[in-house]
Number of protein chains: 2
Amino acid sequence: MKIALAQINPTIADFSGNLKKIRDFSAKAQKQGASLVVFPEQALSGYPALDLWEDPAFIRENSRAIKKLAAESGELGIIVGFSSFNSAPFGKPIHNSAALLHRGKIKASRHKTLLPTYDVFDEARYFKPARSNPPFKFKGKTIGLTICEDAWFSEKNGNKKLYQTDPIGLQARQGADILINISASPFIRGKNLQRRKIMSAHARKNQLPFFYCNMTGGNDEIVFDGRSCVFDHKGRLIDQAKAFSEDILLVDLENMPPPASPSDMSEIEEIEGALITGIGDYLSKCKISKVFVGLSGGIDSAVVAALAVKALGKDRVTGVSMPSRYSSQGSIVDAKTLAQNLQIRFLSVPISSLHDSYKETLKNFIGGNPEDLWEQNIQARIRGNILMALANKEGGMVLTTGNKSELSVGYCTLYGDMSGGLAPLADVPKETVYQLAQWINREKEIIPLNSIQKAPSAELKPGQKDEDDLPPYPVLDQILKLHIEERLGLDEIAKKGFSKNLVKETLRRIELSEHKRRQAPPSIKISPKAFGVGRRMPIARGTYLDEEL
Amino acid sequence: MKIALAQINPTIADFSGNLKKIRDFSAKAQKQGASLVVFPEQALSGYPALDLWEDPAFIRENSRAIKKLAAESGELGIIVGFSSFNSAPFGKPIHNSAALLHRGKIKASRHKTLLPTYDVFDEARYFKPARSNPPFKFKGKTIGLTICEDAWFSEKNGNKKLYQTDPIGLQARQGADILINISASPFIRGKNLQRRKIMSAHARKNQLPFFYCNMTGGNDEIVFDGRSCVFDHKGRLIDQAKAFSEDILLVDLENMPPPASPSDMSEIEEIEGALITGIGDYLSKCKISKVFVGLSGGIDSAVVAALAVKALGKDRVTGVSMPSRYSSQGSIVDAKTLAQNLQIRFLSVPISSLHDSYKETLKNFIGGNPEDLWEQNIQARIRGNILMALANKEGGMVLTTGNKSELSVGYCTLYGDMSGGLAPLADVPKETVYQLAQWINREKEIIPLNSIQKAPSAELKPGQKDEDDLPPYPVLDQILKLHIEERLGLDEIAKKGFSKNLVKETLRRIELSEHKRRQAPPSIKISPKAFGVGRRMPIARGTYLDEEL
């Protein structure tokens with residue numbers, strides 16, 4: 001029996017578009033000789049549908065779609081993720097389910113047992129867990145079918161296991177002879193190897209072939225990286241689908257090819273892939289065709305523009321230089337050179353007269369001191385306004401250019417450089433932005449070397465340098481990672497060799513800039529802990545960085 | 001035995017401040033003769049602490065605080081909400097707990113059984129539920145102690161019960177002779193009567209006195225309304241604490257006063273109370289003393305300014321008029337009159353020259369058509385910038401003035417009128433804004449009648465009226481309520497007597513403006529479904545308003 005893993009990129013709530021995709025991939029799989037085609041978790045509606053899962057109309061449409069797909073099904077078996085109704089008189093109204101469609105009918109329906117409730121996941125909000133999930137027969141095989149988190153039962157949070165049960169091992173004991181898991185597993189740098197290790201262990205431990213079908217594509221902050229894979233009963237990787245694109249992986253169960261060693265992407269390559277996918281899919285799923293990027297001559301905006309060109313093509317990206325009296329000549333030249341290198345449309349809109357106009361308008365209320373916070377912010381806000389005006393006029397979207405390091409400590413201006421529909425670098429620390437720039441330049445100089453080599457500056461007051469206001473980025477980025485990703489506190493971080501005062505000041509800045517992040521555009525998650533939906537912090541709060549009680 | 005319910009207003013993460021409050025209220029309760037004082041759910045750390053509950057340092061501080069409080073305890077028994085460690089090797093690391101402190105020790109510790117995972121609640125993200133919660137002895141009484149949601153076990157979601165178990169009934173069967181519930185139950189208009197009905201039923205059904213201690217105060221989007229209450233064993237209300245303020249309710253168990261009939265607040269009165277509390281606590285817990293409000297002469301900004309004065313006092317509110325060439329003389333006068341009526345500082349900052357300056361700066365890129373979206377938006381953005389500049393300079397916060405009706409359909413400008421730290425009316429539909437204005441004017445004309453009576457207009461282009469762009473507000477507000485609060489779909493709403501096209505267009509506008517709401521400042525929740533933390537929607541998505549598959 002040939003099994004096809006159809007790694008598709010559905011759009012949330014686009015039932016007719018997703019149905020079409022499922023039909024097309026099913027036809028392709030059948031043409032290639034598959035007896036069974038497998039689609040990802042919630043392939044019918046897209047993932048994560050968030051509170052749409054609470055919308056009765058959404059669930060009705062999902063139900064109509066699965067019935068229609070079942071009615072159309074023929075000799076090819078189709079396994080597809082959807083939401084099924086909970087028939088019990090209590091609990092959440094739906095399950096996170098998978099159906100086997102065959103010869104006009106829903107032949108089997110199985111529900112997710114383990115519901116993730118951490119980071120970007122809130123599945124206990126929406127779904128009732130399965131009480132049991134026994135294997136089912138298809139064409140003489142006994143299939144153990146699980147959904148995403150069911151395969152992650154052994155994961156730990158600190159020294160505690162998240163879950164008590166092993167839904168996959170149970171299916172093996174119940175007589176499964178093939179294991180299939182359908183997933184919507186978000187990209188995190190380095191996660192693919194961990195994922196393969198876990199899935200391989202299921203195959204090896206249970207001595208059964210294991211088919212893992214992951215989703216691909218970007219959905220707001222989350223990118224699914226595909227890389228569906230198949231393991232033989234010894235846990236050896238047989239094949240892996242493409243990263244960050246739709247793909248079909250076909251494997252003959254009775255005649256498996258020898259173990260494969262796919263050439264894995266480097267960390268920076270996969271981060272770039274996630275960002276390009278995130279930008280491209282956000283634009284296409286929002287039905288917006290072009291973007292505007294403010295080009296300061298610095299590295300962040302250069303990397304965003306380069307990624308946007310890779311995601312959308314050069315004709316859909318406009319770079320806008322908005323020099324002020326504090327912009328260095330070098331920065332102006334670097335911005336223009338970048339635009340030339342990328343072959344994108346380039347506009348130059350000087351902001352000095354607007355800056356003067358604000359000072360004139362406000363002179364009776366606010367004294368004129370160029371060091372003042374308001375004067376720095378107003379320049380960023382003028383630029384944000386200009387970009388938004390251009391985007392409004394042409395029906396485009398502004399991409400913001402700020403990185404995670406700045407956003408962490410609030411070194412950014414609300415309604416200024418934070419204005420835009422998507423923040424591609426908001427989960428990318430400054431040190432990684434440098435790596436991205438070098439990676440983008442690996443064959444030729446696209447990002448001007450000067451943008452990479454000069455000291456970072458917001459250029460909002462005379463002689464300003466980031467390092468006057470912030471710790472050096474290599475230090476800052478380490479502290480941020482220890483605190484945000486690894487959840488270490490003040491003392492634990494200081495013990496790793498940082499000044500306690502510096503750590504304290506940094507953590508306090510994180511606390512005090514929560515209000516900015518609450519109003520930030522979506523980012524693209526590449527780390528274990530991105531700002532946005534997966535990190536929820538109160539704004540009005542006290543602090544426990546001072547240890548008195 | 002006299003029991004005191006100490007309805008306090010803790011600040012999230014301010015352990016030393018909250019400890020002090022608990023000490024002070026304990027001393028007051030003891031002075032009044034109480035043997036037992038009861039504090040709300042999570043009184044030690046504030047609620048909702050959100051992902052701070054995942055921060056090991058936060059949990060350690062909470063643990064230090066409860067130990068310190070226990071060590072200090074004497075003859076007065078103290079029941080207080082905190083987070084305790086889960087001792088099992090699996091599951092979430094903490095419980096949502098309550099401790100009985102007495103004579104230097106934690107005498108009993110009990111955990112929440114039912115964890116809400118809907119609307120603003122994500123407790124399954126943080127807490128391990130209790131496996132059992134038996135009553136415990138204190139001074140000869142057997143106390144059944146539950147936490148918030150435990151008392152709401154009979155609630156339904158559509159036709160399904162949320163939960164299977166009744167933690168309170170179980171305690172009664174296990175021999176409890178007093179029932180106590182500690183809560184952090186968010187304000188929703190009209191909820192207090194529902195809450196009293198539910199708590200009264202526990203007392204009546206189990207034939208036991210019931211003590212209900214709720215939190216008070218605002219925390220970002222959520223306001224707790226207090227109104228703790230006590231019921232006798234027949235379910236009769238004995239007493240109710242104040243709304244929206246700290247209070248102690250002392251009841252002698254052996255000598256209960258006769259049933260009481262508190263004069264309940266009208267709906268508009270309690271909405272006003274929630275908004276004033278929300279504004280005041282957000283400012284004080286953010287440690288910001290003053291606010292800036294853009295006064296357009298319209299009703300929304302007038303109501304926000306009036307509420308701000310009630311929350312903060314007139315000396316901490318600045319009204320800013322920012323007339324443009326499209327501002328009517330009436331609007332300018334109305335804004336000034338309002339400021340005079342409220343006795344607040346009033347600034348007038350005309351924006352025409354800035355508007356011209358933007359047009360001049362952008363003339364080579366964007367043609368000049370005053371009907372253009374960008375030209376309308378830029379005026380709102382200039383105003384947002386001016387307010388932010390003033391707030392930056394003086395260390396204040398801008399309050400936005402948009403209402404829920406506008407925000408629902410995206411009739412508002414990102415980085416323009418949406419600029420600010422708090423959006424007091426973002427959960428208040430336009431029709432309720434009118435009611436608020438009338439309520440505020442009930443004794444004398446504070447909000448100019450003209451602001452209430454004239455047709456609403458954004459005044460961003462010549463002759464503009466809201467009704468040219470939107471359905472009349474009475475119609476719009478009904479459609480929005482049916483869809484957002486009651487979750488009805490297109491056909492169901494149309495069947496209630498609205499044009500299907502109008503409903504479809506309205507629902508589609510809600511879908512298409514999700515990106516604006518994602519970047520909106522926090523609102524203050526007064527409805528069953530507010531935008532913000534309790535309503536999570538994808539931005540990049542398809543639609544199922546067209547019914548083809």
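**Entry 1: domains of chain A**

I began with the spacing of the two domains, and in this predicted model the C-alpha centres of domain 1 of chain A and domain 2 of chain A lie 40 Å apart. I then looked up who takes part in their contact: ten residues come from domain 1 of chain A and eight residues from domain 2 of chain A. On the domain 1 side, I found that β12 (216-219) and β13 (222-225) of chain A are the elements giving two or more residues. I sorted that side by class and got four nonpolar, three polar and three charged residues. For the bounds, I noted that the assignment puts domain 1 of chain A at 2-257 and domain 2 at 271-471.

**Entry 2: chain A against chain B**

Next I turned to the contact of the two chains, to which chain A gives 87 residues and chain B gives 87 residues. Which element supplies the largest share of the chain A side? I found that α10(A) does, with 13 residues. Other elements that give two or more residues here include α1 (15-31), α2 (56-72), α6 (267-285) and α9 (352-362) of chain A. By class, I noted 42 nonpolar, 23 polar and 22 charged residues on the side of chain A that touches chain B.

**Entry 3: cis peptide bonds**

I checked omega next. In chain A, the bond joining A:Tyr47 and A:Pro48 is cis, with omega about -5 degrees. I placed A:Pro48 in the loop between β2 (36-38) and α2 of chain A. B:Pro48 sits in the loop between β2 (36-38) and α2 (56-72) of chain B.

Two residues of chain A went into my notes for their phi. A:Lys139 is not a glycine, yet its phi is positive, about 50 degrees. I located A:Lys139 in the loop between β6 (136-138) and β7 (141-147) of chain A. A:Tyr415 is likewise not a glycine and has a positive phi, near 65 degrees. Its place is the loop between α11 (404-409) and α12 (430-440) of chain A.

Is A:Lys139 buried or exposed? I counted 11 other C-beta atoms within 10 Å of A:Lys139, so I filed A:Lys139 as exposed, the limit being 12 or fewer. A:Tyr415 has 25 other C-beta atoms within 10 Å, so I filed A:Tyr415 as buried, which takes 20 or more.

Notes
Residues are numbered from 1 along each chain as its sequence is written. Chains are lettered from A and ligands numbered from 1 in the order in which they are written. This is a predicted model: local features need pLDDT of at least 70, side-chain atom pairs count only at pLDDT 80 or more; totals for chains, interfaces and linings use all residues. Domain bounds come from an automatic or database domain assignment. Two residues are in contact if their C-beta atoms, placed from the backbone, lie within 7 Å. Helices (H or I, at least four residues) and strands (E, at least two) are DSSP runs, numbered from the N terminus. Ala, Val, Leu, Ile, Met, Phe, Trp, Tyr, Cys and Pro count as nonpolar, Asp, Glu, Lys and Arg as charged, and the others, Gly among them, as polar.
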